Amino acid sequence: MMAGMTGEETRTAMSPPIRSSAQDAELQPPATRAWLTRVVIIGIVLTALNLRPAITSLGALLEEVRDGLGMSGSFAGLLTSVPPLCFAVFGVMAPRLARRFGPAAVVCGGMVAIAAGLAIRPFAGNTAGFLVASALALMGIAVSNVLMPVIVKRWFPDRVGSMTGLYSMALALGTAAAAAVTVPMTRALGGSWHAGLAVWAGLAAVAVLPWIPLVRARGTALSADAAPASGPARDASSASGAGQEPSALRITRSRTAWALAVFFGLQATAAYITMGWMAQIFRDAGVPAGTAGLLLAVTMVMGVPLAFVIPRLATRLPHQGPIVVALGVCGLVGYAGLYLAPAGGAWAWALLLGIANCAFPLALTMVGMRARTGAGVAQLSAFAQSTGYLISIPGPLLVGVLYQHSGGWGLPIALMAGLMIPQIVVGILAGRDRTVEDEAARRP
């Protein structure tokens, strides 16, 4: 894979660079490299499937969990705010861990953390234990969130759009599947919410398996580095400078990085508001509860096909601004419909908001496009996602406060539509054809 990378991708703007499994694979025979590439694709898909069930499966059974653990309403509200907070806090750790152990090893560890957290939390016995186990699973999700664009960039530098689309589609599928089948599966397992939540640990355990040979391949390659070598693998190895700290790229000085971080945060805000409140908006408008749930499912399912199409389209355009505008217009029309005729045009508004929520795979694609090097992608991904998830935390809570104090959905919907305007603006700025390496100031 390194044969298709430029010298700049090998000589990263950071020291040490992230040593990738793709670089290590250069030390393998061609047949082995091809086999490892297929394993990476399987690993990416299985990992993506596991990045949201920890959240959406709990949402489906939250009432049963509250009753079973004697959880207060305030604590349940805190629990729903924990995911973006954990994504922000733990995501910052991912680039440093990747430099130390390699991206594949960190993602493998992330899948182990998800499996362990999901297996432990239903049987923790109290709310504190449940929260700690949930945080363990969310930590695994956070580091994997950040490193997926890195792995895509390193292994598939000429297929960033299609591989990001595959990853995003699998993520959307995992999100929708966990929301849809957790309750029926719980009933099939005897009605115990413990079993209904714990079963998702099995899917995470399966996702560990593809990463094991990649971690072992990296270990073999590191052993081979002891002998004199030549070519890209040797260059990458000699550049890795054990014990050194990143010294060049200052991501906070990049306007594109800030624009992408704010864009990521605003689209995440819209997504969390949609997941948390859209069904209630329809129910308050007179839509039956079952139909309201189905409308929300339609909104989430829209992300499955579009998550594959949008990244491929984005990589073919020099500027992703037109896609940002198109998604934003869909969101504005959807919110206007919720305000004017929430029940009369419910299916149309659900479809439009589902399209608008596909700003997420677009943001992931732009992370891979706005940095030239693997190390740059890692830093940009960590910065954009951590900052973005911090930005998203107040949104759903503010919607609830406005709804409670105004007694209706007029002000909350106005807030949702209002946030779409700056999302379009920063998305256009983030979509410009430039890289953070060119923008960020470098130390002497």
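**Largest cavity.** I began with the lining of the largest cavity, where α15 gives the most, five residues. A cavity, on a 1 Å grid over the protein atoms alone, is a set of points where a 1.4 Å probe fits but cannot get out. Lining residues have an atom within 4 Å of a point. I noted a volume of about 410 Å³ for the largest cavity. Volume here is the space filled by probe spheres set on the points, with grid points joined across faces, edges and corners. The lining has 22 residues, and L171, A271, M300, N357 and F360 are the closest to the centre. Helices that each supply at least two lining residues include α17 (303–315) and α20 (359–369). By class I read 13 nonpolar, eight polar and one charged. Nonpolar covers Ala, Val, Leu, Ile, Met, Phe, Trp, Tyr, Cys and Pro; charged covers Asp, Glu, Lys and Arg; the others, Gly among them, are polar. I counted five cavities of 30 Å³ or more.

**Ground rules.** This is a predicted model: local features need pLDDT of at least 70, side-chain atom pairs count only at pLDDT 80 or more, and totals for chains, interfaces and linings use all residues. Residues are numbered from 1 along each chain as its sequence is written, and side-chain values use heavy atoms, with hydrogens and water left out.

**Whole protein.** I found 24 helices and zero strands. Both are DSSP runs numbered from the N terminus: helices are H or I with at least four residues, strands are E with at least two. Of the 444 residues, 54% are buried (under 20% relative accessible area; exposed is over 50%, partly exposed in between, with a 1.4 Å probe and protein chains only). Among contacts between residues at least 6 apart in sequence, 84% join residues at least 24 apart. Contact means heavy atoms within 4.5 Å.

**Largest pocket.** Next I turned to the largest pocket, with a volume of about 1600 Å³. A pocket is an open set with protein on both sides within 12 Å along at least five of seven lines. Which residues lie nearest its centre? Of the 41 lining residues, they are G59, A60, M275, G276 and L296. Helix α16 supplies the largest share of this lining, nine residues. I sorted the pocket lining into 27 nonpolar, 12 polar and two charged.

**Helix pairs.** At what angle do α18 (321–340) and α23 (410–430) pack? I read about 175°, with the axes 9 Å apart. Axes are lines fitted to C-alpha atoms, for helices over the stretch in contact, and angles run from 0 to 180 degrees between N-to-C directions. So α18 and α23 are roughly antiparallel (over 145 degrees; under 35 is roughly parallel, 65 to 115 roughly perpendicular, the rest oblique). The contact of α18 with α23 has 14 nonpolar, six polar and no charged residues.

Then I checked α7 (94–101) and α8 (103–120), whose axes come within 7 Å and cross at roughly 120°. That makes α7 oblique to α8. L97, A98 and F101 in α7 meet P103, A105 and V106 in α8.

**One residue.** Last, I picked I391 in helix α21 (374–392). I391 touches A261, V262, G265 and T269, not counting residues up to four places away in sequence. The C-alpha atoms of I391 and F264 are separated by 8.7 Å, and these residues are 127 apart along the chain.
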